[in-house]
Protein chains: 2
Amino acid sequence: MQTIRVALGERSYPIHIGAGLIGQASLYAPHLRAGKVAVVTNEVVAPLYLGAVRGALAAAGARSMEIVVPDGEAAKSWETLDRVFDALLAARCGRDSVLVALGGGVVGDLAGFAAAVYQRGVPFIQVPTTLLALVDSSVGGKTAINHARGKNMIGAFHQPLAVIADVATLESLPERELRAGLAEVIKHGFVLDARFVDWLEANMEALLARERAALAHAVRRSCELKADVVAADEREAGLRALLNFGHTFAHAIETGLGYGTWLHGEAVAAGMVMAADLSARAGLLAGGDAQRVSALIARAGLPVRGPQLSPERYLELMAIDKKAARGRTRFVLLEAIGRATLRGDVDDRAVRETILACGPQATASAAQ
Amino acid sequence: MQTIRVALGERSYPIHIGAGLIGQASLYAPHLRAGKVAVVTNEVVAPLYLGAVRGALAAAGARSMEIVVPDGEAAKSWETLDRVFDALLAARCGRDSVLVALGGGVVGDLAGFAAAVYQRGVPFIQVPTTLLALVDSSVGGKTAINHARGKNMIGAFHQPLAVIADVATLESLPERELRAGLAEVIKHGFVLDARFVDWLEANMEALLARERAALAHAVRRSCELKADVVAADEREAGLRALLNFGHTFAHAIETGLGYGTWLHGEAVAAGMVMAADLSARAGLLAGGDAQRVSALIARAGLPVRGPQLSPERYLELMAIDKKAARGRTRFVLLEAIGRATLRGDVDDRAVRETILACGPQATASAAQ
């Protein structure tokens, strides 16, 4: 087991990375309190790992209960959140309760936000079971639910007590979700670390074959990179915004198609290709480097083209995105592989060109 | 104008107290940002003060919008909160927006919680227009909405940028709400400051006659007392819980009757009489001091008896109260006028006796 520390003063916490961790009572024990422990998970994860987690909690001396929510992005809703509150209140969970978020990014965001606002805040432990959650949503304390008008619009910064990142859980992950998780791993390289991009180019086959050593290295390096950024900028005042590379396009794709049609990582993959294309159009990134972005994404088996969605619809959806400041949409662009910049001065025309150039093949052909 | 500072490190903020402040642009100007200012208020307050506030914001150079919610405790609901989010998103308010909470405790709690979680948190300015909001909800950063299973169950600690406490707004306050606000003023005395209780006993008629000097002193001393407690214990780990004197009974009354049947201050008034009675039964408080509590509350024209509600229902409702720890309901009890203590070891039988002794006159007579 390796442990990374996210340095956030009194809100600092450890990320434990290794295989077979979710059943280890000693990892939960330091964080328990007098009250109940409520494990929030979903219908797919519960049969696989809920028993091991509750067993570990019992061994650590905790009284636990379970709250099982539906699978999928649609669960990041007020309705599901209210079911969590209702279960907590019905079980008379007080402020000395602890929540455990057992599952992927959706469960982490939902349970984390529930913990942030239940009785004005109770602590929680993250037990991520997807690659996306391991490398992304479990680091940094961002929690949220969606609103009909936009993704992640209602939420809080709420740091966990600890993250128990068990790479053995990746063995049960569907292929499509493994690839979607790789999108965020790749993103950390593009934005922050050119050497990690070299490593990913050399090890993509090993990752797709789920070689444990390769997965463990990818998870660890991703968490380290993200933890450093979060430590420097917890509330996303500046640096942390760079981790949104590809996300302005991705959120438009997800909202435009309806949440869950594309996986988040798939939308981010296409969004990164678009952001790299836009970077090249803006004269910031060499054409060869933009090609390197799309080539690595393609090798991960991820989409390099956006869905059928008009430029007008993209622009409309992006305008409401939370990164829009003073009426202008801000984009994270690349200046080189491993170096990103936040720009609010991007011309709408260039954005339209990127959207058309990176749209579905059929549209691109028709436009020629 | 007098200014008190709530000392909370980087979250410190000023409370400006005086007459005619809500129209002063210079009080808003230091807190504005690049984005829009959304004034959240209710149907009753809007015709009285919204024009003055928006005028001041315009004079300070801000683009403002208004979000008018229904009057009353029922507005502290997810439905109303979602309408606030919807209006903010429809107007494309970004993270650089500022909210202004213009109204009483309900608007303050609702708008404050909206600010706490909209796009993971935007700042807000409190402009309280009721005595209750001036002396209580605008100091300390507690925000919340209600849940069907309990009051203030969903919320956050979110400190305002500033509080603009205009005592001139008290002149438009209905008599019943003035008295309800006095309940919290009196509470600060009972819990923290025997000399302030002496002052209140000497000046109750002046307060009820709305003499400006008396009101200004009461507001200022209440805010000072509460600000000191909040500065020492922002997250209510200990000391701050003492401000919940009377509130364990009060929340049961409010939930049991349905929110809004009794005003919060009315429920707190009866709750304080009950808590003082319980303090005497527990042998902590002299009988004469318990009488002094109910006498001052009676002189403020506030209820000194609870509503028709069975002891079993009280106990059930109190068990779910957020101050319940390890399955035991905790009560704030008095050891003397001006000195309180938090107790988790109170016998259910004593609580039942208090409830019966402080119930409606009819019940008390029937029991004799």
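In which sense do strands β3 and β4 of chain A pair, and over how many bridges? In this predicted model, β3 (residues 37-42) of chain A runs parallel to β4(A), the two being joined over 6 bridges. Within this pair, A:V37 lies opposite A:S64 of β4(A). Helix α3 (residues 78-90) of chain A lies across β3 and β4 of chain A and runs at about 160° to β4(A). A further helix, α8 (residues 212-232) of chain A, packs on the sheet, where β1, β2 (13-18) and β9 (162-166) of chain A are touched. The direction of α8(A) makes about 15° with that of β1(A).

The sheet of chain A is open and consists of 7 strands in the order β1-β2-β9-β6-β5-β3-β4, with mixed pairing. Because β1 (2-6) and β4 (64-69) of chain A stand at the edges and each has a single partner strand, one side of each is left without a neighbour in the sheet. From one strand to the next, the twist averages 20°.

Chain A is divided into domain 1 (2-172) and domain 2 (175-367). The centres of domain 1 and domain 2 of chain A, taken over C-alpha atoms, are separated by 26 Å. Contacts between the domains involve 30 residues of domain 1 of chain A and 32 residues of domain 2 of chain A. On the side of domain 1 of chain A that touches domain 2 of chain A, two or more residues are given by each of β1, β2, α5 (131-137) and β8 (150-157) of chain A. The most, 5 residues, come from α5(A). The residues of this side of domain 1 of chain A comprise 18 nonpolar, 7 polar and 5 charged.

Conventions: Residues are numbered from 1 along each chain as its sequence is written. Chains are lettered from A and ligands numbered from 1 in the order in which they are written. This is a predicted model: local features need pLDDT of at least 70, side-chain atom pairs count only at pLDDT 80 or more; totals for chains, interfaces and linings use all residues. Two strands pair if DSSP finds at least two bridges between them. Helices (H or I, at least four residues) and strands (E, at least two) are DSSP runs, numbered from the N terminus. Axes are lines fitted to C-alpha atoms, for helices over the stretch in contact, and angles run from 0 to 180 degrees between N-to-C directions. Two residues are in contact if their C-beta atoms, placed from the backbone, lie within 7 Å. Domain bounds come from an automatic or database domain assignment. Ala, Val, Leu, Ile, Met, Phe, Trp, Tyr, Cys and Pro count as nonpolar, Asp, Glu, Lys and Arg as charged, and the others, Gly among them, as polar.
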